[in-house]
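Here is a short report on a structure. Look at the strands first, then at the core and the overall build.

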Amino acid sequence: MTTMMEHSASAPGHSAPKRALIERLNIFTAFGLGIIGAIVFWYLAKAILPANTDGSYIKSNRDQYVLFSMIGWLIGFMTGIGALIGPFRWLLGKDLNHDENMFYAGKDQGVKRYLRYTTDHKVVGIQYLVLTMIIFFVGGTLAMLIRTNLAHPGGGWLQPQTYNAIVGTHGIIMIVGTIIMVTGPFGNFIMPIMIGARDMAFPRLNALSFWLIVAAVPPILSSFFLGGISTGWVAYNPLASQAPPGMDGYIMFICIFALSTMVAGANITTTVIKMRAKGMTWNRTPIFIYGVVASVALALPAFPVFFLSQVMSGMDRATGSTFYNTTGGGSGWLYENLFWIMGHPEVYVILIPAVGALMEMAPVFTRRPLFSFNMAVMGIAGISGLSVLVWAHHMYTTGWAPLLSAPFMLTTELISIPTGLLFLVLIGTLWRGRLWMTMPAASIYALLWNFMIGGITGIYLSDVPVDGALHGSMYVTAHFHYTLMGTGLTGALAALVFWFPKMTGRMFDKTLSWVGFWFVQIGFNIAFGVMFFVGLAGQPRRVDAYAALFSRGNMITTGGAYLIMTGMLVMLYGVISSWRHGALAPMNPWFSKTLEWTVPNPVPLENFDVLPVVTSDAYGYGKAKS
Amino acid sequence: MNKRLLGALGTVIVGASVIAGIGTYVASAKNDSRVLVATAAGTMNTPQGNLPHYTLDMSAYPDSMAGTHGASGGPHPDWVTYGPVTNFQVPAHSVITVTIKQYDSGARITNDFFATIHGTIDGTALINGKSVTSVDPEAVGHTFTLRGLSDAKTQLFVSVPLPSVPDALVPDSGYTKTPNVVTFSFITGGAGDYVWNCEYPCGDGTIARFGGPMSTQGYMSGNFTVVNA
Amino acid sequence: MSDLDTQKRPSIFERKDVKQTVFFWVIFTAIIGYVGATAQARSMGASASETMSTTIHMIKVFTWVAAPIAGLVAAMAMTTLIGKIHFGDAPPEEADHQIRNSPRLTATWLVVSSVLCLFAVVWGTIVLQNDNAALLNPKAMNVNVTGQQWVWNFDYVDNGTVRSEDLYLPVNKPVVFHVTSRDVIHGFWIVQMGIKVDANPGYITTTSATPNKIGIYDLRCAELCGLYHAYMQKKVHVVSQSDYDAWIKSHGGQI
């Protein structure tokens, strides 16, 4: 190592202009170039595109201008962050040399590397963690506005169009936040170390996938200033065709995010398949790895479809095509199908890695082996396989294909079998263990509780006749919050506390983790437990005003939501204060047997001096029978 | 220990204040937050007896240059709009007489149901002084349609079409000197929150022009609150 | 030592943790089943059609069927929680075994969950079949439903050209709704009759119900349709046949 550094120091200015360019690019130049790109593309579009008039089919050019300038933003931003340097250099036949690669990996740069296009998977993991927290803060703020408006039956605190925009943005931004909340921070930081690799298979793609999401956030936030997303997170057509230009922000957000997911999916899948340590057979691969791979592998077929659906939606808005417009031969059902072909695998993209993380922690905190590893793998595989065959259960009541209701009911209810296996694994691991009660351990119980409620209510909803009464009501909202938040977020918060020592070198404050845990869990169950009952009584989803008979339930839900906010803010403080001056963490504070705990704190640049050789799985806890 | 919990408490207070601040700002940023209170006008004999009588005056404009959105037309000067105010407050159990001056042109309405007058006393309205029960569906500019939530309270459904001003009479700039004047009366029930909007598709979009001004409160829609007198 | 312990263990049901679990299982199953079924059924309120009654019944039965599974998981979790819990920064002693699997338990779990799943699918399909058959009932009256931002229109096509914004139905008469939309997608939902189908522009979808109780019910839009989605609600008046005929006549239709 030292010789390498001397070498780089002894040959300065070897390719000085280009290196200087790499060094100069960071998040600020990215935002600067992004804004310039947006402005340039706006004027280009204005100059080139033929003007529509009030009498045209498309009344104005505004959607074309907005979409074009957002594309300009993306190009400018990615140029400004330095994402294009690698490909250009490669095309010119002058690929990056060793020193430049070391610079890209963020070597010896301190805090600055977090603001750059850095390829080290650990830096990307921390970047994802911070981005996830920012997204949750935005989405959570919107949730509080929603609940505050719904505290009073008549609504009226917010204008209806503002309320609809907030509901839509809350929905889509939280979906994205929960998609990246486990595979982003922990899949990037922890997963490569856990499998005994020095980095990801494609480190530059790793940085690319992160910075694409950063580039996607301004378009969705700009939608608030462009009239908002008036359609809910699903953005059903033809409603989306009459939405204000804020809808274009949604379209660009999804397109960029889908690109990021595809890149990350290819990268993580390749890493796990090709770069596991010697001796880490599939039987010895930790279950969290399965969770992460299943998640990103599901995203691989799902998100291109989402991308496509939004491209067509944008064309309907900007060019007057009629993919989703019945009067032009299109169909809203086409959109619904494309959307839910992404939309249902996507909930498992969120759920599986969170459950996988808790399954990883269960043996650590019960000091016994994971119960039935094979069933855990089969459960994850079964859910992943079936999840691409169930999308139309979101469409039972759309009238699209009544004859397909029964087959889709079958595939949907079949999912309860592999899901049951995950329960079996968790409860079997808790059984006859030595419970070490920490916040992550308690989260396993919280997950069992929340996922049980979310799962059973899912069975009612999967039944076509019952869905006829419950679809589109607050019951559905409560159901998916129980799965995505009660299960997914619970797992992600536990993963945060569990892996915090390895990621930051400091322990997460114990008291704060417990305070946050109880506020979130109690608030969550109050808020969404009661929401089931207003749904059963007939309150539709996404309404800013409701009949007086639902007022008590909504009042309680609002109170619960404030408790969740309190808990999440306590967790936020826990992250900040523990990161800055928490107790220094030992190398392996949980006495776990997975590989990430065998590297020192802070984790060195390429993780392992000598690549490890694996001879058993990571679950050999318990006293062996002699 | 105490320091940490104090820090957490501080974060909660700061975070909640930030969220409350954002909420207050978003809630106050309304396109039209003013409310027009109905003017008392004695009493009136109706099929339901002698009731207190109130009046409301409003207009429907082809753009936003008049009234509510300021002389510059606000953020969308080309949007059709009602004016001068789009939120109304009237007393419960009273007769409300609404007078609308309609300055906009129009065409065929998509649903004949809204070319007919619903929910007014006798199902009639005075259009330019003439009592009618419906108008020509080929020449409708806008409608004034009032509805509420389905709950135990008294229901209110009123819908009155506003006939279009012939294209020949619409000047290139400014408004026509001869707007159509539509007057109708209806009886309010108990107190409650209602909304009104226009049912003639006159906004943005392709499959049905219900976007833009049609989907933004403060233009072709607003609140209608019935309060106990 | 521990090995000896394991071998001496005479029967699984004599173990303390198993006894506790069985005890909790019975209690939790009863609580989950009873509270889940009654609370949900109570929230759904009065039923105005056979479809809704069946739905409420199904929710009750599904809850009772799921209760033993949920109860078992809860009971096992409870047992592990009232056992020895270790707090502190250092880990507790290792568990006294290295059991990694139990093929018999796994097989039982799989079989039971498959049977329950099959039950749900089969019953659901039978009920679905009945609902579909009702659409073809030749004696049913027909009502055309048209959604429009943000109102509903009802055309009583069997009674001439009557159009209304509130829905009027005679009691105990099967009715088939032909639902469509003039602009965006709406959701036609009669809450107390438990029926719902989307109104799509350019397509006609169908659903049916037989209202069986005179009263006033709620019709709500179940698909976000823009600014006043929340207000796209109407009353459904279920009246006697004679009242219905009178209402039709007063609106210019014929019987």
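This is a predicted model: local features need pLDDT of at least 70, side-chain atom pairs count only at pLDDT 80 or more; totals for chains, interfaces and linings use all residues.

One pairing to look for is C:His186, whose bridge partner in β8(C) is C:Ala199.

Is strand β8 of chain C enclosed or open? Strand β8 covers residues 195–199 of chain C, and five of the five are buried. It is therefore largely enclosed by the rest of the structure.

## An open sheet in chain C

Chain C also has an open sheet of five strands. Follow the order β4-β3-β2-β6-β9. The pairing is mixed. Strands β4 (163–164) and β9 (205–209) of chain C stand at the edges. Each has a single partner strand, so one side of each is left without a neighbour in the sheet.

Strand β2 (residues 141–148) of chain C and strand β3 (residues 151–155) of chain C are joined by five bridges. They run antiparallel. Within the pair, C:Asn144 stands opposite C:Asp155 in β3(C). As a general rule, strands of a sheet pair through backbone hydrogen bonds, either parallel or antiparallel.

## The nonpolar core

In soluble globular proteins, nonpolar side chains tend to be buried together. Here, the largest nonpolar core has 342 residues. Which residues have the most contacts inside it? They are A:Trp211, A:Leu358, A:Leu426, A:Leu448 and C:Val73. Helix α13 (residues 332–366) of chain A gives the most to this core, with 21 residues.

Zoom in on A:Trp211. Leaving aside neighbours within four places in sequence, A:Trp211 is in contact with A:Met78, A:Ile81, A:Ala83 and A:Tyr117.

## The build of chain A

What secondary structure does chain A have? It comes to 21 helices and one strand. The radius of gyration of chain A is 25 Å, close to the 25 Å that the globule rule gives for 626 residues. Chain A is therefore as compact as a globular protein of that length. Along the principal axes, the C-alpha atoms of chain A fill a box of roughly 70 × 65 × 45 Å.

Of the 626 residues in chain A, 66% are buried. Contacts also reach across the sequence. Among contacts in chain A between residues at least 6 apart in sequence, 82% join residues at least 24 apart.

Key:
Residues are numbered from 1 along each chain as its sequence is written. Chains are lettered from A and ligands numbered from 1 in the order in which they are written. A residue is buried if 20 or more other C-beta atoms lie within 10 Å of its own, exposed if 12 or fewer, and partly exposed in between; C-beta atoms are placed from the backbone. Helices (H or I, at least four residues) and strands (E, at least two) are DSSP runs, numbered from the N terminus. Two strands pair if DSSP finds at least two bridges between them. A nonpolar core is a set of buried Ala, Val, Leu, Ile, Met, Phe, Trp, Tyr and Cys residues joined through C-beta atoms within 7 Å. Two residues are in contact if their C-beta atoms, placed from the backbone, lie within 7 Å. The radius of gyration is taken over C-alpha atoms; the globule rule is 2.2 Å times the number of residues to the power 0.38.
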